[in-house]
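Subject: Structure handover

Hello,

Here is the structure I said I would pass on. My notes on it come after.

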Amino acid sequence: MSVALIKNLYLPFMKIIFPCSLFLCCVVANDLFARSGYPVSLTSFSTPCDTFDPQQRLPEGFRPAYPGRLSASGTADVKEARVDPPNWWIGMKNPVVELMIHDKDVRDFEPAADYAGIKILKIDRPENKNYLFVTLRIAPDAPVGTVPLTLKKGRETRKINFPLYQKGATATGVKGLTDADVIYLIMPDRFANGDPANDSFDDMEQRGVDRRKMYFRHGGDIQGVMDHIGYLKDLGVTALWMTPVFENDEGYESYHGYTFTDHYKIDKRFGTNQLFKNYVDLCHQNGMKVVMDLVTNHVGDQHYFIKDLPERDWIHQFDTLTTSNFKDQTIADPYASAVDRNRMTDGWFDVHMPDLNQQNPHLSNYLIQNNLWWIESTGLDAFRMDTYLYNDQDFMSRWGKALQDEYPSLGIFAETWVHNIPTQAQTTENNHLRKDYNSNLPGVTDFILYFAIIEALNKPMGWTGGVNDLYQALGNDYLYENPGRNVIFLDNHDTPRWLTSIGENISKYKTGYAWMLTTRGIPQMYYGDEILFTGDSNPDGKVRQDFPGGWKGDPVNKFTAAGRSAAENDAYEYVKKLIRLRKEKTVLQTGKTMQFVPENGVYTYFRYDDAAAIMVVINAANRVAQVDTKRFSERMAGFTKARNVVTGEILSDLRSLKVENYGALVLELMK
């Protein structure tokens, strides 16, 4: 039973039957919701039953407001002293670390460190009297232990213990990402609830869970992902990317994780820092890599360093709410006005997401050190950077270099949601598209190919449109140093579901996966797509639905074959088979690519090396195609037969190939 049906039919009906008994209405409604697969307790209702809105964004009575310009006056109440980063390592290639000390009236204290191999290089006293910046140099022969930092002011003395560890104890095997990987993107709040005890905490801004409401928390967590590692391993994916799991202690709409309120703490509704480390270890034990999702462009307005701003230029400040213009073209446009370019990078992302000013050197150090800290603390393998183009681009260049200097094998890719190839390509490293600028960014989320595959399967072929758009998009790979580092995808947490994008046509669905898992780059799939999830991105909650079976009491469990329909199992097995093919055939990972100009709606390309060749034929037309292969002799010469990798059928006559409408053939050529 759908939520819409309950809302539109049952609730009005109950209001007629029980006009004086709202409580009874809620009891009956609660039972209906539970039986529909959306269990919820009465205590988690945020609105009266008769005004229930599944798209409600704000808790009842909550109204976000732009705070105006923030000061760095130091009048905030500091409940507990803290040091960021909370510890560091001996043996880092860059032996310098800057400590940000936050404590009441700490700015005018004089720091000292009596510890072998530790030297204070610099002391910075910011505008806010509750902060002190202390830069340390750590000698390579410094002993492991705890550095006693002494802070003195007159007769008053404060002490801070700063632990030092040896680098390499955890992050010895940072594996990075290659085009041999298949990434599985998870929104943990919506995947599985492994620990109901951490669903809600009374000391956090937003309390309770409500699975009926798309913008409220649903209770999924890191343990839930760990509990289903077997499912993911069976599917064959090799890397897991969770949307951010850092603390997001905001009053509303924080389930997605992109409004950090503490850079050094896992949100306790997802788990703990130790649990995240256990998650990394479990993934590695099962042959999977870990991608951590980062945001350096903005934070949540409840972050401690927003509520007590170190310096006024820590964030971009405006008299009234000024959001980004979201015009990515201004970054590289040689004719762009300064006002437009600055609005793009300096404007806020939303009313509760202050925009960070990475030109502030202390903030720049803070962000880079935090990312290094998570690598060394957990041994993760890669970072995905959110909203890349909204950041200060000089900072992004320094950021990419600093991370790769310290961890050369680290995988890095960034979200570049753009609509033209040059803008996307100029964000990647070593392409010389922008004078005197190198991004030091290995790869991007390839939105150009994302738009192209949708165009290819939804529109008729034209000189530049339809499947020709896909051909032309790939043909611009000369703009990248290594296009194989780009992440290719059919959907993600911000877009319509793949099956929805192509009109819920199963043939198109399979063709999209055949393309994604055989073309260049690093494929990324989105949780639930393997079992035919649908959903439009407007409202975006529909693409962030719960995975059935991830919560105790769910009426079905689609983590098991028995809980899935025949169509869902067929899709699961199809995707699984293609993932296995990509893992087994190195030609699909590191092989060269040759594509042929589409004809009559049919697009053909080859992945090949000296030892093997895979031929992919995509029929993007709504009719059966009979394809004469004579013009492909450049790549087919010497091969006499082929194996259909999906069906296992051996084709002994390759002169002509039959491809169903909107279908794809994936053939392993054989001598």
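Predicted model: local features only at pLDDT ≥ 70, side-chain atom pairs only at ≥ 80, totals over all residues.

Residues are numbered from 1 along each chain as its sequence is written, and side-chain values use heavy atoms, with hydrogens and water left out.

Cores. A nonpolar core here is a set of buried Ala, Val, Leu, Ile, Met, Phe, Trp, Tyr and Cys residues joined through side-chain atoms within 4.5 Å. Buried means under 20% relative accessible area, exposed over 50%, and partly exposed in between (1.4 Å probe, protein chains only). The largest nonpolar core holds 169 residues, and Tyr184, Phe276, Tyr279 and Tyr513 have the most contacts inside it. Helix H11 (residues 447–458) gives the largest share of this core, nine residues. Helices (H or I, at least four residues) and strands (E, at least two) are DSSP runs, numbered from the N terminus. Apart from this core lies another, of 21 residues, including Phe606 and Leu654.

Helix H12 (residues 467–474). Its buried residues are Val467, Asn468, Leu470, Ala473 and Leu474. They pack against H11, helix H10 (421–425), helix H14 (506–516), strand S19 (592–599) and strand S20 (602–608), where contact means heavy atoms within 4.5 Å.

What lines the largest pocket? Of its 28 lining residues, Arg82, Glu247, Asp262, Lys265 and Tyr304 are the closest to its centre. Strand S12 (262–266) is among the elements that supply at least two residues of the lining, and S12 gives the most, with four.

Salt bridges. The whole structure has 43 of them, each a side-chain nitrogen of Lys or Arg within 4 Å of a carboxyl oxygen of Asp or Glu. Arg82 pairs with Asp84, with the closest N and O atoms 3.0 Å apart. Arg82 counts as partly exposed, at 22% relative accessibility, whereas Asp84 is buried, at 3%. Arg190 and Asp189 also form a salt bridge (2.8 Å, N to O), and both are buried. Between Asp570 and Lys510 the closest N and O atoms are 2.7 Å apart.

Regards

Conventions:
1 Å grid on protein atoms, 1.4 Å probe; cavity = no way out; pocket = protein on both sides within 12 Å on 5 of 7 lines; lining within 4 Å.
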